[in-house]
Amino acid sequence: MNIAIVGTGYVGLVSGTCFAEMGINVTCVDVNQAKIDGLQKGIVPIYEPGLEDMLLRNSKAGRLHFTTSLSGVINDVEVVFCAVGTPPDEDGSADLQYVKEVARTVGQSMSHYLLFVTKSTVPVGTAQIVKQVIADELQKRGADIPFDVASNPEFLKEGDAIKDFMSPDRVVVGVESQRAEQLMTRLYRPFLLNNFRVLFMDIPSAEMTKYAANAMLATRISFMNDIANLCEQVGADVNMVRKGIGADARIGNKFLYAGIGYGGSCFPKDVKALVHTGREHDCPMTVLEAVEAVNLKQKEVLYHKLQKAFGGNLAGKTIALWGLSFKPNTDDMREATSLILIRLLAEAGCKLRVFDPVAMTEAKRILSAEPQILDSVYFATDTYDAVLDADALLLITEWKEFRMPSWQVIRRTMRGNLVLDGRNIYDRQELTAHGFDYQGIGR
């Protein structure tokens, strides 16, 4: 089976590589010539555990190919997956210009039946827009070529995407014809053989499922952060509360961890897009508007804790940050809480010493656009270099290597003794015994 995947970002590259691992002949397409040149040499532009080895293995086996020309391969494939970006516009709506461009290219180039599958996260109704764009291009050519559209949203967790793709909770497929369903069934046969759930439904429901899933997870996070802030005021421990409510089978214990807000490429964008869709249809998403507001406020919690600890004067203080990426096992800095904290602290006159196992290069690239902020940041060589002469330490991202540091060494090398644990991974009694002033979230 031959397929093309347009877009070699996170979703497209992981999906293409995993499909190739299942024995499918995959061509990944991207307009970025430098990225394609790098991929052809085995250079992976994103960090995802296990991806590089799998990509090299399937490229060598001849199942995974890379090109900049969709029109050059379109007549050799049965399915075209669209995995291009859908960045949010200023009003929160998803920008579909890249999706439409792929659809135009398909309509201009196809010569036989094709199934166009949207893998990108897109608003409800996008499949119909794609269908019309392809039909318009075929009409311009005077060509009567059958085609179908389908929706196959991704549910990949960054840092665990290979496992999520190969052993999914479920695969959601939206179709509107039997032919499309048969083709997608053939494509996902390896999952069916392993008894994974492949859920077929109508296209609008599939499109909505992606947004609803991410919005629900974001809601749980913001709910627990709201509860955590109240716990601090009334003397409760949010960790105990989490265990208590998580033991209820109706609730479960996933995504109930209090922290310093969610980030990344999915939750912020998808919540905004769903709120925008609600406004468009005169159906306000009141809960999700609150979810977004809570999340934005939560990203500043550690900054306000620092201000309180130092009497409102942070000028001249040296602050260490452990972790920069929005979550562990990725170099993704999109909507990362660390960026908000770095900007706030730099503007308050702080000197920053930061370290992340993977995301340092990406952080430098982003902050290079703000030289006045970048000048306040020292990129440390390791965990211990980051805390040297620091007045306070902030745990931002819960990388495994931050879990059991030598607190004896840190206490000797830090100037101050304040530790703000943004992910509640440390034991208060242990740090207090080493002479630290420990503060978590909701504890």
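Trainee: In this model, which element gives the most to the lining of the second largest pocket?

Mentor: Helix H4 gives the most to that lining, with 5 residues, and please keep in mind as we go on that the model is predicted.

Trainee: What is the volume of the second largest pocket, and which residues lie nearest its centre?

Mentor: The volume of the second largest pocket comes to about 1400 Å³. Its lining is made up of 48 residues, and those nearest the centre are Gly9, Ala83, Val84, Gly85 and Arg334. Two or more lining residues come from each of helix H1 (10-21), helix H4 (97-109), helix H11 (267-280) and helix H15 (360-367).

Trainee: How many of the lining residues are nonpolar, polar and charged?

Mentor: The lining of this pocket holds 19 nonpolar, 15 polar and 14 charged residues.

Trainee: H4 also packs against another helix, H5; how should I read such a pair?

Mentor: Two packed helices are described by the angle between their axes and by the distance between those axes. For H4 and helix H5 (residues 126-141), the axes come within 8 Å and cross at roughly 35°, and the crossing is right-handed. On the H4 side the contact includes Val99, Lys100, Ala103 and Arg104, which belong to a set that meets residues of H5, among them Ile129, Val130, Val133 and Glu137. By class, the residues of this contact divide into 8 nonpolar, 4 polar and 4 charged.

Trainee: At what angle do the axes of H9 and H12 cross, and is the crossing left-handed or right-handed?

Mentor: The axes of helix H9 (residues 203-234) and helix H12 (residues 286-298) cross at roughly 55° and come within 9 Å, and because of that angle H9 counts as oblique to H12. The crossing of H9 past H12 is left-handed. In this contact, Ala215, Ala218, Thr219, Ser222, Asn225, Asp226 and Asn229 of H9 meet Val287, Leu288, Val291, Val294, Asn295 and Gln298 of H12, and the contact has 6 nonpolar, 6 polar and 1 charged residues.

Trainee: H9 comes up again with H10; are those two helices parallel or oblique to each other?

Mentor: The axes of H9 and helix H10 (residues 238-246) come within 9 Å and cross at roughly 135°, and the two helices are therefore oblique to each other. Their crossing is right-handed. H9 brings Met224, Ile227, Ala228 and Cys231 to the contact, while H10 brings Val238, Val241, Arg242 and Ile245. When the residues of this contact are sorted by class, 7 are nonpolar, none is polar and 1 is charged.

Note on methods. Residues are numbered from 1 along each chain as its sequence is written. This is a predicted model: local features need pLDDT of at least 70, side-chain atom pairs count only at pLDDT 80 or more; totals for chains, interfaces and linings use all residues. Side-chain values use heavy atoms; hydrogens and water are left out. On a 1 Å grid over the protein atoms alone, a cavity is a set of points where a 1.4 Å probe fits but cannot get out, and a pocket is an open set with protein on both sides within 12 Å along at least five of seven lines; lining residues have an atom within 4 Å of a point. Grid points are joined across faces, edges and corners, and a volume is the space filled by probe spheres set on the points. Helices (H or I, at least four residues) and strands (E, at least two) are DSSP runs, numbered from the N terminus. Ala, Val, Leu, Ile, Met, Phe, Trp, Tyr, Cys and Pro count as nonpolar, Asp, Glu, Lys and Arg as charged, and the others, Gly among them, as polar. Axes are lines fitted to C-alpha atoms, for helices over the stretch in contact, and angles run from 0 to 180 degrees between N-to-C directions. Angles under 35 degrees count as roughly parallel, over 145 as roughly antiparallel, 65 to 115 as roughly perpendicular and the rest as oblique. A crossing is left-handed if the near helix is turned anticlockwise from the far one by less than a right angle, and right-handed if clockwise. Contact means heavy atoms within 4.5 Å.
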